[in-house]
Structures are given as C-alpha cells and as structure tokens.
Amino acid sequence: MDTLGALALATEQPTKELMEKPPVDQMKPLISNIMWRNLLAQALYQIAILLTLPFKGESLFRVSEKVKDTLIFNTFVLCQVFNEFNARKLEKKNVFKELHKNKLFLGIMVIWG
C-alpha cells in the first residue's frame with residue numbers, strides 16, 4: 001500500500017513558494033512541528049475509528065461478524081486514502097488545491113482505489 005502512496009507523493013512538482021524558501025539548517029529536526037501535528041492527528045483519528053469497529057461494529061451497524069471484518073478492512077483502506085490527500089500539502093488547509101495538475105497522482109489514486 002505504501003509503495004503507491006510514496007510514488008504518488010514523490011511525483012508532486014515543487015511550487016514556486018517552496019523553491020524560494022531558504023535551506024533548512026542541518027541541525028534542525030527532520031520531522032517538523034507541523035509534521036508531528038499531522039502525524040499525531042492522523043494516528044489518533046485512525047486509532048479511534050479502528051479500535052471502535054472491532055468492539056462496537058456489530059451493534060453500531062447491525063452486521064454479522066464477517067461483514068464487520070470486511071468493514072474494518074475497508075475503513076482502514078479509506079483512512080490510508082484520506083491520509084494520502086492530507087500528506088500532499090502539510091501547511092495548507094486546502095489539500096485539493098492544484099490536484100488536477102498532478103496527473104500521475106490522480107492515475108495512481110484511480111489504480112489504487
């Protein structure tokens with residue numbers, strides 16, 4: 001799963017804004033505060049959802065055990081798709097901006113989804 005995601009994210013062209021930023025000091029941490037924020041938010045979101053489904057999934061959705069397991073897997077996959085879009089632009093509120101310009105990302109999302 002991560003291979004296609006990494007390929008999709010690696011195809012993003014650098015923006016003019018990014019190219020005008022000064023180089024980052026080599027003593028600064030590799031993972032910035034914004035990255036930590038996004039990482040923790042996504043992790044808490046997935047943990048909350050994916051821990052609720054095994055224990056309360058049958059009663060919440062009134063489904064059988066097999067259907068519940070399928071629901072958990074599909075929810076995990078959709079969480080990964082959601083994360084891919086959020087990872088495209090770390091500091092931006094609109095992660096869909098200029099999405100249509102990256103044809104390879106869209107192609108990978110069609111194949112993957």
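Two residues are in contact here when heavy atoms of theirs lie within 4.5 Å. Keep that in mind as we walk through this structure, which is a predicted model.

Let's start with a pair of helices, α3 (residues 33-61) and α4 (residues 65-88). Two packed helices are described by the angle between their axes and the distance between the axes. For α3 and α4, the angle is about 160 degrees and the axes are 10 Å apart. Anything over 145 degrees counts as roughly antiparallel, so that is how α3 and α4 run relative to each other. As for handedness, α3 passes α4 in a right-handed crossing.

Which residues meet where α3 and α4 touch? From α3 come Gln 42, Tyr 45, Gln 46, Ile 49, Leu 50, Leu 53, Pro 54, Gly 57, Glu 58 and Phe 61. Facing them from α4 are Glu 65, Lys 68, Leu 71, Ile 72, Thr 75, Phe 76, Cys 79, Gln 80, Phe 82, Asn 83 and Asn 86. Sorted by class, this contact has 11 nonpolar, seven polar and three charged residues.

Now for some individual residues, beginning with the loop between α3 and α4, where you'll find Arg 62. Its phi is near 55 degrees, a positive value in a residue other than glycine. Is Arg 62 buried or exposed? With a relative accessible area of 75%, Arg 62 is exposed, since the cut-off for that label is over 50%.

Move on into α4 and you come to Lys 68. This lysine is buried, because its relative accessible area is 6% and the limit for buried is under 20%. What does Lys 68 touch, once neighbours within four places in sequence are set aside? The answer is Leu 53, Pro 54, Gly 57, Glu 58 and Val 63.

Further along α4 sits Thr 75, which also counts as buried, at 17% relative accessibility. Ignoring neighbours within four places in sequence, Thr 75 is in contact with Ile 49, Leu 50 and Leu 53. Take Leu 53 from that list: Thr 75 is 22 residues away from Leu 53 along the chain, yet their C-alpha atoms are separated by 9.1 Å.

Across in α3, have a look at Gln 46. Gln 46 is another residue that counts as buried, at 13% relative accessibility. Apart from neighbours within four places in sequence, its contacts are Leu 51, Phe 76, Cys 79 and Gln 80.

Back in α4, there is Phe 82. How accessible is Phe 82? Its relative accessibility is 38%, so Phe 82 counts as partly exposed. Not counting residues up to four places away in sequence, Phe 82 touches Gln 42 and Tyr 45. Phe 82 and Gln 42 are 40 residues apart in sequence, but 9.2 Å apart in space from C-alpha to C-alpha.

That leaves the largest nonpolar core. Which residues build it? There are six in all: Val 81, Phe 85, Val 95, Leu 99, Phe 105 and Met 109. The elements giving two or more residues to this core are α4 and α5 (103-112). For a look at one core member, pick Leu 99. Leaving out residues up to four places away in sequence, Leu 99 touches Phe 85, Arg 88, Phe 105 and Leu 106.

Terms used
Residues are numbered from 1 along each chain as its sequence is written. This is a predicted model: local features need pLDDT of at least 70, side-chain atom pairs count only at pLDDT 80 or more; totals for chains, interfaces and linings use all residues. Side-chain values use heavy atoms; hydrogens and water are left out. Axes are lines fitted to C-alpha atoms, for helices over the stretch in contact, and angles run from 0 to 180 degrees between N-to-C directions. Helices (H or I, at least four residues) and strands (E, at least two) are DSSP runs, numbered from the N terminus. Angles under 35 degrees count as roughly parallel, over 145 as roughly antiparallel, 65 to 115 as roughly perpendicular and the rest as oblique. A crossing is left-handed if the near helix is turned anticlockwise from the far one by less than a right angle, and right-handed if clockwise. Ala, Val, Leu, Ile, Met, Phe, Trp, Tyr, Cys and Pro count as nonpolar, Asp, Glu, Lys and Arg as charged, and the others, Gly among them, as polar. A nonpolar core is a set of buried Ala, Val, Leu, Ile, Met, Phe, Trp, Tyr and Cys residues joined through side-chain atoms within 4.5 Å. Buried means under 20% relative accessible area, exposed over 50%, partly exposed in between (1.4 Å probe, protein chains only).
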